[in-house]
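This report sets out the architecture of the model shown below and the surroundings of its ligands.

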Amino acid sequence: MNDPVIFLLGATGYVGSQFLIILGRVLPNIPVRALVRSSSDSERQAWLHGVHLNLTIIDGTLEDVNTIQDQAEKADIVINLASCDHVVCTEAILSGLRKRSANKPSQPPFLLHVSGTGIISDNARGEARDAKVYSDLDLDLESHVSCDFIFVSSLGSLYDRLPKDNPHLEIDISVVKAGTNKEIPIRTATIFPGMIYGVSEGIQKTTAWLRAFLEFAKINGHSGTWGKGLNSINNIHVKDVASAVLTVLQAALENRAYEGAQGIYFASSQEPRASWHECMTVIGNHLYEKGIVSKPGSHPFSDEFIESIKAANLSRGIHADGWSLFGGNQFSKPERLAKLGWEPVETKKRSILDSMKDSVEAAI
Ligand SMILES: NC(=O)c1ccc[n+]([C@@H]2O[C@H](COP(=O)([O-])OP(=O)(O)OC[C@H]3O[C@@H](n4cnc5c(N)ncnc54)[C@H](OP(=O)(O)O)[C@@H]3O)[C@@H](O)[C@H]2O)c1
Ligand SMILES: *[C@@H]1O[C@H](CO)[C@@H](O)[C@H](O)[C@H]1NC(C)=O
Ligand SMILES: *[C@@H]1O[C@H](CO)[C@@H](O)[C@H](O)[C@H]1NC(C)=O
């Protein structure tokens, strides 16, 4: 790619702002156009320009279809660290990239999408299970077309199945479809982080799920879980997610990335998993000490509360009650990133449970 330009969505987020820091450090010569809402905020402007010296702020939200389409069309690389569940935004990105590809078929643009391991949830409803450990080498998101399940080849059994209504899958499949379309060539890769933790050095210090669970604790008067919360997810430090995104970007720039049907990368560590109950107990005790909740520890949330989450999501167009995302086990092995030489170095330094108090402090 000659003199590429990056269009970045989510530059002010937890992962996005950490990524922008290392992007500005390692690849400072690639200009970045960042879609930012409330872009008139001078503190945000100063921060963004401070960490990346060749950055242009594009004012807009994920609902601004024309802006997104237009910017995607002008870019060589689009990196989406804003939302993996926003259908309208993803469609606008793909539509811009298709136009750009049609104009310059000899130099297909590259889309780096960031989703999550929610796609492999076993929907265990808060129970601990000896769930299957998925390798990203085995995921075949193309096979969905003719059936109700995503097929996953594995050595043990010929096929396992992923429930098609697991979180994020619908959009991930549309990305793979775009990345395997020969007529309008677009290069694609998707990164699926596990449970992200740690204090980000960026603008947004705290991981999205922790912000949500702190809200849930305040509403309920205690920290809590979906069901018993004995389920768990392979975890990953936010700095290691940022380095994973950079690793795939660098590989793509040098034409050695896995792309299209193979462009599927888990980003997780093999460090011990902590159950939601264990995480929420540390959080609950800390909130209790601070007088923010009235009960220490962690307790399953009530059915009524979980129903209210479902209603809130439905009003935003998401059909989710949180059971799959927060009540399931997600066991993953990041074999493709390992092949590119990536290692979760920060995750090995400090575990999710050890860093939990600092994360809560950064959030409140
Ligand atoms: N955190 C995790 O544990 C985790 C795990 C797996 C996958 N993921 C995925 O990774 C991605 C990034 O997650 P994150 O934790 O970094 O999320 P985050 O901190 O909430 O960041 C989201 C970013 O997108 C921007 N954004 C959101 N809605 C927008 C809208 N309507 N218009 C304009 N900008 C909008 C936010 O802008 P503002 O700064 O203006 O809010 C922010 O820059 C998401 O797709 C998420 O699902 C996260
Ligand atoms: C930003 O990058 C472009 C393209 O490489 C270059 O022409 C321009 O001079 C750069 N601007 C700054 C401020 O570095
Ligand atoms: C549903 O809504 C809650 C609360 O607003 C949010 O934290 C969660 O991420 C949403 N999605 C799912 C799948 O639960």
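The text below covers the sheet, the helix packing and the ligand shells. The model is a predicted one.

An open sheet is built from 7 strands in the order 3-2-1-4-5-9-13, with parallel pairing. Strand 3 (55-59) and strand 13 (264-267) are the edge strands; each has a single partner strand, so one side of each lacks a neighbour in the sheet. From one strand to the next the twist averages 20°.

Within this sheet, strand 1 (residues 6-9) and strand 4 (residues 77-80) are joined over 4 bridges in the parallel sense. Phe-7 has Val-78 of strand 4 as its bridge partner.

Two helices that pack on the sheet can be described here. Helix 2 (residues 42-51) touches strand 2 (32-36) and strand 3, and its direction makes about 145° with that of strand 3. Helix 3 (residues 65-74) touches strand 1, strand 2, strand 3 and strand 4, and its direction makes about 170° with that of strand 2.

**Helix packing**

| Helix pair | Angle | Axis separation |
|---|---|---|
| Helix 1 and helix 7 (residues 238-253) | about 55° | 9 Å |
| Helix 3 and helix 4 (residues 87-103) | about 35° | 7 Å |

At an angle of about 55°, helix 1 and helix 7 are therefore oblique to each other. Helix 1 passes helix 7 in a right-handed crossing. On the helix 1 side, the residues that meet helix 7 are Tyr-14, Val-15, Gln-18, Phe-19, Ile-22, Leu-23 and Val-26. On the helix 7 side they are Val-238, Lys-239, Val-241, Ala-242, Ser-243, Val-245 and Leu-246. By class, this contact of helix 1 with helix 7 has 11 nonpolar, 2 polar and 1 charged residues.

Helix 3, which also packs on the sheet, crosses helix 4 in a right-handed sense. From helix 3 the contact takes in Val-65, Ile-68, Gln-69, Asp-70, Gln-71, Ala-72 and Glu-73. Helix 4 contributes Val-88, Cys-89, Ala-92, Ile-93, Ser-95, Gly-96, Leu-97, Lys-99 and Arg-100. The residues of the contact of helix 3 with helix 4 divide into 8 nonpolar, 4 polar and 4 charged.

**Ligand shells**

Ligand 1 has 24 residues around it, and those that come nearest are Gly-13, Tyr-14, Ala-82, Gly-116 and Ile-196. At least two residues of this shell come from each of helix 1 (14-26), strand 10 (195-197) and helix 6 (208-220). Helix 1 gives the most, with 3 residues. The shell around ligand 1 divides by class into 13 nonpolar, 10 polar and 1 charged residues.

Around ligand 2 are Asp-3, Asn-29, Pro-31, Leu-53 and Asn-54. By class this shell has 2 nonpolar, 2 polar and 1 charged residues.

Definitions and conventions:
Residues numbered from 1 in each chain as written. Chains lettered and ligands numbered in written order. Predicted model: local features only at pLDDT ≥ 70, side-chain atom pairs only at ≥ 80, totals over all residues. Near = placed C-beta within 6 Å. Nonpolar A, V, L, I, M, F, W, Y, C, P; charged D, E, K, R; others polar. Pairing = 2+ DSSP bridges. Axes fitted to C-alpha atoms, helices over the stretch in contact; angles between N-to-C directions. Contact = placed C-beta atoms within 7 Å. Parallel < 35°, antiparallel > 145°, perpendicular 65-115°, else oblique. Left-handed = near helix turned anticlockwise from the far one by under 90°.
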